[in-house]
Amino acid sequence: MKIILDCFGGDNCPGSAIDGALLALEENKDIQLTLCGDESVIGAYLADKTYDKSRLSILHASEVVTNDDVPTLAVRRKKQSSMMFGLQTLAGGEYDGFVSSGNTGALLVGATIFVRLVEGAQRATLSPLLPTMVDGKQTILVDGGANVDCKASMLKEFAIMGSAFMSSMGVDSPKVALLNNGTEEEKGNALTKEAHALLKDSNINFVGNIEAREMFAGDVDVIVADGFAGNMSMKAAEGMGKTIFSMLKRYITQGGLRAKLGYLLLKPSLKKLKGLMSSDAVGGGVFLGVKKVVVKAHGASNAVAFKNAIMRAMEMAEADACGKIASALAKRDNQ
């Protein structure tokens with residue numbers, strides 16, 4: 001399995017990206033990685049590292065797409081950047097997947113133009129995998145922010161792609177729910193009401209509406225939303241999580257000896273919880289609807305986060321997730 005890693009563009013690049021690649025090589029002996037970016041910088045960083053040189057190569061790219069770049073301009077003017085050149089190389093056919101922590105909008109536009117959409121897809125989605133209260137289970141949110149303005153037909157497409165993705169990951173008959181402001185069928189705005197009717201009449205395993213407070217319960221496998229609602233819900237949840245941990249730390253500090261002793265007893269459980277909720281453990285958001293695997297790692301990814309994003313890309317490629325999404329969309333008229 002051959003994966004390209006964009007080593008520039010993220011907050012902690014190139015160091016964390018390269019370290020993550022080395023961790024991935026150690027963890028999986030079947031993976032082959034190509035580090036894309038300035039060859040001299042990458043080479044210098046690797047000079048004192050120990051790794052399997054037969055499974056790691058460098059693809060030179062002289063430019064960098066920054067977070068300040070306008071996505072459409074970055075695609076046109078920075079074709080020799082680590083992101084755009086990496087995507088073009090992926091599209092060439094030799095590689096199975098691409099991972100980047102760079103500019104999300106530029107990655108979306110670049111993947112759409114260079115890698116291209118699977119036949120039948122209207123848009124690509126950025127779909128994060130969310131941790132849940134059920135051990136070992138994740139729920140995919142389609143869409144998490146790529147498509148702010150959507151039609152009901154697009155939400156049906158998101159549901160089909162999300163269901164096909166989770167099926168490729170081994171979930172039998174994935175449960176699909178529509179993010180809404182109430183669980184009742186009549187709730188929502190014009191978009192969600194129309195989408196609900198389309199999903200209800202489809203052949204996917206649609207279980208109805210879900211409220212944002214149940215996103216992490218683990219009751220469903222796919223949550224469908226327009227990018228505006230999906231992104232706001234996800235960021236609100238992230239903010240609440242950070243607030244709870246900050247408040248807990250403050251109350252423990254102010255709570256005296258009893259609180260501190262209680263914290264010491266709970267520390268292993270709290271550490272495990274924090275790890276599960278961390279973006280480092282999730283392995284990045286996945287782009288659904290493009291012809292090859294593209295994974296977006298968090299902009300502030302550390303080495304572990306990059307390693308997990310690489311593993312996510314490999315898992316998708318091995319499962320032929322993109323091919324299964326294309327097949328599902330081809331059957332859309334019957335769904």
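Buried means under 20% relative accessible area, exposed means over 50%, and partly exposed lies in between (1.4 Å probe, protein chains only). Helices (H or I, at least four residues) and strands (E, at least two) are DSSP runs, numbered from the N terminus. This is a predicted model, in which local features need pLDDT of at least 70 and side-chain atom pairs count only at pLDDT 80 or more, while totals for chains, interfaces and linings use all residues. Residues are numbered from 1 along each chain as its sequence is written, and side-chain values use heavy atoms, with hydrogens and water left out.

**View 1. Helix H5 and its cover.** H5 takes in residues 104–115. Its 12 residues reach 15 Å from first C-alpha to last, close to the 16 Å expected at 1.5 Å a residue. The expected span is 1.5 Å times one less than the number of residues in the helix. Ala-106, Leu-107, Leu-108, Gly-110, Ala-111, Phe-114 and Val-115 are the buried residues of H5. Their cover includes helices H3 (71–77) and H4 (82–91). It also includes strands S4 (97–100), S11 (285–288) and S12 (293–296). Contact here means heavy atoms within 4.5 Å. Asn-103 caps the N-terminal end of H5, with a side-chain oxygen 3.1 Å from the backbone nitrogen of Gly-105. Just after H5, Arg-116 has a positive phi of about 75°.

**View 2. Helix H11, largely enclosed.** Of the 16 residues of H11, 13 are buried, so the rest of the structure largely encloses this helix. H11 covers residues 303–318. At the N-terminal end, Asn-302 is the cap: a side-chain oxygen lies 3.1 Å from the backbone nitrogen of Val-304. Asp-320 follows H11 and has a positive phi, near 55°.

**View 3. Ser-127 in strand S5.** S5 spans residues 125–127. Ser-127 counts as buried because its relative accessibility is 0%. Its side chain makes a polar contact with the side chain of Thr-125 at 2.8 Å. Such a contact is a pair of N or O atoms within 3.5 Å; within protein, one must be able to donate a hydrogen and the other to accept it, and residues adjacent in sequence count only if both atoms are side-chain atoms. Leaving out residues up to four places away in sequence, Ser-127 touches Ile-140, Leu-141, Val-142, Gly-285, Val-286 and Leu-288.

**View 4. Ser-233 in helix H8.** H8 runs over residues 227–254. Ser-233 is buried, at 17% relative accessible area. A polar atom of its side chain lies 2.9 Å from the backbone oxygen of Ala-229. Beyond residues up to four places away in sequence, Ser-233 touches Leu-179, Ala-212 and Met-215.

**View 5. Salt bridges.** A salt bridge is a side-chain nitrogen of Lys or Arg within 4 Å of a carboxyl oxygen of Asp or Glu. By this rule there are 10. One of them joins Lys-2 and Glu-94 (2.5 Å, N to O). Lys-2 is in strand S1 (residues 2–6) and Glu-94 in the loop between H4 and S4, so this pair ties together parts 92 residues apart in sequence. Glu-94 is exposed, at 51%. Asp-52 pairs with Arg-55, their closest N and O atoms 2.9 Å apart. Asp-52 is partly exposed at 33%, and Arg-55 is buried at 10%.
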